[in-house]
Structures are given as structure tokens and as C-alpha cells.
Amino acid sequence: MNPAVRVQSLRPSPIRALSEGAPPGAIPMGLGEPSWALPLPARLALAEDSESCVYGPNAGLPELREAVADYFDEAMDRVMVVSGSQGALFALFQAWLNPGDAVLVPDPGFLAYPTLARLAGAEAVGYPMSADFTLDSWSFRQVLDRSPNARIAIINHPSNPTGAGVSAQALGEVAEACEARGVLLLSDEVYRELYLHQRSASLRDVSEYGVVLGSVSKAWGAPGLRVGWALGDSRWLAPAGLMHAYMVTAPARPSQRAALALLRESTVVLAEARTELSLRWAAFSGAFLHHFGYSPAPSSGGFYHWLELPQAGKADPMAFCLRLRDEGGVVVVPGFAFGEGGRAHVRLSFGGMPTDIAEGMRRLAPFWRNL
Ligand SMILES: Cc1ncc(COP(=O)(O)O)c(C=O)c1O
């Protein structure tokens with residue numbers, strides 16, 4: 001018996017293929033998660049004795065929804081707690097897409113977006129970014145105008161894979177265009193609280209329209225809890241909530257309690273996360289300057305650096321990344337994994353341990369200089 005046809009639309013991610021075949025001792029600079037310890041409030045909450053572990057409400061524990069609402073200055077009925085922002089994406093796509101619909105996705109962009117669109121029977125249509133990889137509202141609107149079947153559009157800022165932020169003006173223009181067309185706008189802001197210098201704009205700074213996605217996975221340092229949120233009008237959230245309830249019933253209760261402890265201690269937890277990020281950025285940018293001779297531009301958020309391939313690596317980026325892995329001992333992610341718009345770049349992560357970052361850059365640099 002064959003697996004269902006929809007599964008055949010799933011392709012193994014190049015990230016997995018590259019990291020699974022890595023030689024012993026290879027430095028993973030493709031990591032998409034923080035390497036610092038789980039913050040103390042979450043550890044204490046997970047260790048706490050509990051008499052019961054019942055399911056709990058589908059939309060999440062009320063006290064957690066309230067804490068999320070407080071943090072983001074939203075009304076509680078505009079908050080849905082989900083199994084990671086990935087859970088929100090899956091549920092929203094399943095709830096709002098029909099076969100033949102289109103989803104506008106950033107190119108380059110987070111690689112789950114096109115796959116989740118296909119799983120809902122829809123087609124992903126990439127929109128190009130500006131030359132510095134920020135959101136270009138003019139290009140976005142061009143693609144929107146050419147896509148009469150668009151039902152969902154996704155923006156992601158700060159971006160995975162580029163680290164680029166967004167201007168409030170571009171956000172406002174994109175929100176206005178989507179609202180005028182009745183297209184559901186999803187603003188993936190999962191990296192927004194994890195910044196080096198200044199927090200980048202949120203969709204909520206300029207518009208009440210659409211749904212904002214986030215989670216405790218990055219800035220709150222707890223990707224394994226699998227707790228995230230979707231913020232927006234209940235008319236968008238309710239159908240997705242139904243879908244999410246059939247997927248998982250509700251996020252795991254111990255995880256929600258730990259997420260609640262993290263949210264309540266946000267001031268301290270986020271300040272520590274930014275210190276950890278700065279330490280890693282110092283290791284990365286220092287090694288970069290030393291080996292490349294110039295300083296890299298800091299990201300607007302998250303722990304990714306988007307590095308242009310050397311000329312010789314552009315003809316076959318996968319072969320280049322495999323050589324870098326097998327001969328150089330560093331794992332990076334080829335930019336084409338994030339869409340055609342990423343073909344000339346690789347994504348480096350500075351989310352790992354500072355000593356690994358410095359060593360990774362030492363190993364990587366000759367591949368840029370000597371080809
Ligand atoms: C842009 C982006 N969105 C969403 C996710 C999903 O994260 P989570 O489900 O852990 O919230 C990730 C994970 O790496 C991501 O990079």
C-alpha cells in the first residue's frame with residue numbers, strides 16, 4: 001500500500017540531508033534554535049509537583065492566554081495558544097485554504113510555508129524581496145494583483161533565513177492591500193523579541209488586520225516546549241482553533257505551565273536572551289572581521305546571517321555546501337532551500353556556542369577566499 005498522495009508532495013528538507021550526513025566533529029552552523037540553557041522559570045515550572053494532568057481547553061489554558069494577551073496588549077478573545085507557531089500555520093492553512101487557492105510566500109522565506117500550502121491543496125506563489133532582502137511592498141502588491149486566487153499571504157520579519165527586518169511603512173502598505181482584497185495576512189514574528197540593537201516593527205504597530213504569530217521557541221529560549229500563539233480577530237482564529245483541536249486537542253499542559261512562567265518573567269528572560277545573543281554575535285562578527293576583513297551587517301532579529309556565495313560556489317550551491325561540510329567540517333544551509341531568491345546565498349546561524357561559532361568561521365573562510 002502506498003502512502004497518501006498528499007504525502008508525496010513532501011520533499012525531504014536539504015537542511016536535514018546536509019546535517020544527517022555530517023562527518024564527526026563537523027560544526028553545525030545551520031542550527032535554527034538557541035543554544036543557551038532553558039531559562040530558570042520554565043525549569044522550575046516543569047519540576048513542580050502536579051496532582052493532575054487533564055487535557056485543558058482547546059484554545060489553551062486561560063491563564064496562559066491572559067499572559068500572552070497582557071504581553072502583547074491584546075484582548076484575550078484575540079489570543080489562541082497553539083503547539084508552536086508551526087501548529088498555528090498548519091491549522092490556519094487547513095482552515096482557510098481550498099484546493100486551487102494560492103498562498104503568497106516570501107522568496108527567500110521559511111521553508112515550511114510552501115510545503116504547508118501544498119498540504120492544504122493550495123499553491124505557493126513566491127514574492128521577491130528588495131535588494132537588501134526586506135519586505136518590498138511594491139513587489140508584494142504586484143504579485144498580489146497577479147494572483148486572483150490568493151487567500152493567504154505571509155510576511156516574516158525578522159526573516160528566517162536572511163535576518164532582515166521590515167519598515168512600518170511597508171507593513172502598513174501590505175496590510176492595506178490584503179485587507180482591501182480580503183486576503184488573510186499572516187505576520188510571522190517569531191524572531192521579533194530576539195534582537196541585537198532595536199526591536200523591529202510589528203504588524204500591530206500599523207494595523208489591526210490579519211493574524212500575528214509567535215512562540216516561546218526563540219527569544220524565550222524554549223523550542224522544545226512547543227508552545228506558540230496566534231493573535232487576531234476571532235473570526236480568523238475560530239476555524240483554525242477547531243482544526244488545531246482535532247490535530248492535538250490542546251498543547252501539552254506541563255509545557256503551557258512552563259510557557260506561562262516564562263511569559264510572566266519576560267522582562268528578565270528576554271534581557272538574558274539578548275545578552276546570550278549579543279555574546280554569540282560578538283563571536284561571529286569578530287571572527288568574520290578577522291577572516292573576511294570587513295564587519296558583517298547585524299541582523300534585525302534572530303540568529304541568522306545571510307552570506308553571498310563565492311562566485312565559484314554559485315554554479316552548484318549544493319555541491320559547494322557538501323564540500324564545505326565534508327572537507328571543511330562546517331554545516332551551513334544553501335539558500336535555495338528557502339526559494340529561488342536564495343540561490344546565491346547560504347544561511348549561517350550564530351545561535352550555537354561562541355567557541356563553535358569562532359571555530360566554524362575559521363574553517364569556513366578559506367572556502368570563500370580560495371575558490
Ligand atoms: C520563520 C519561522 N516561523 C515559524 C517557525 C516555527 O517555530 P515554532 O513552531 O517553534 O514556533 C520557525 C522555526 O524555525 C521559523 O523560523
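At what angle do the axes of H4 and helix H9 cross, and within what distance do they come? In this predicted model, the axes of H4 and H9 (residues 234-248) come within 8 Å and cross at roughly 110 degrees. That makes H4 roughly perpendicular to H9, since angles from 65 to 115 degrees are classed this way. Two packed helices are described by just these two quantities, the angle between their axes and the distance between the axes. On the H4 side, the contact is made by Gly-87, Phe-90, Ala-91, Leu-92, Gln-94, Ala-95 and Trp-96. H9 contributes Arg-235, Trp-236, Pro-239, Ala-240, Met-243, His-244 and Met-247.

H4 (84-96) also takes part in covering helix H5. The buried residues of H5, which spans residues 112-119, are Ala-112, Tyr-113, Leu-116, Ala-117 and Leu-119. Seen down the axis of H5, these buried residues fall within an arc of 160 degrees, so they line one face of the helix. An α-helix has 3.6 residues a turn, so residues three or four places apart point the same way. Just after H5, Gly-121 takes a positive phi of about 80 degrees.

The next topic is the nonpolar interior. In soluble globular proteins, nonpolar side chains tend to be buried together. Here the largest nonpolar core has 120 residues, and those with the most contacts inside it are Phe-93, Val-216 and Leu-364. Helix H11 (residues 266-292) gives the most to this core, with 10 residues. Both domain 1 (5-38 + 268-369) and domain 2 (45-265) supply at least three residues each to the core. Leu-364 shows what such contacts look like: leaving aside its neighbours within four places in sequence, Leu-364 is in contact with Phe-292, Leu-307, Leu-324, Val-330, Val-332 and Leu-348.

Most residues other than glycine have a negative phi, and most peptide bonds are trans. Another joins His-157 and Pro-158, with omega about -10 degrees; Pro-158 is in the loop between S5 and helix H7 (168-181).

Pro-158 is also a contact of Ser-200, as is Arg-192, when neighbours of Ser-200 within four places in sequence are left aside. Ser-200 itself belongs to the loop between S6 and helix H8 (203-206). Is Ser-200 buried or exposed? At 9% relative accessibility it counts as buried, because the cut-off for buried is under 20%.

Two other loop residues have a positive phi without being glycine. Phi of Arg-226 is near 60 degrees, and Arg-226 sits in the loop between strand S7 (211-215) and strand S8 (228-231). With a relative accessibility of 37%, Arg-226 counts as partly exposed. Thr-249 has a phi of about 70 degrees, again positive although the residue is not a glycine.

Conventions. Residues numbered from 1 in each chain as written. Heavy atoms only, no water. Buried < 20%, exposed > 50% of the residue type's maximum accessible area, 1.4 Å probe, protein only. Helix = DSSP H or I, 4+ residues; strand = E, 2+ residues; numbered from the N terminus. Arc of directions from axis to C-beta. Contact = heavy atoms within 4.5 Å. Core = buried A, V, L, I, M, F, W, Y, C linked by side-chain atoms within 4.5 Å. Domains from an automatic or database assignment. Axes fitted to C-alpha atoms, helices over the stretch in contact; angles between N-to-C directions. Parallel < 35°, antiparallel > 145°, perpendicular 65-115°, else oblique.
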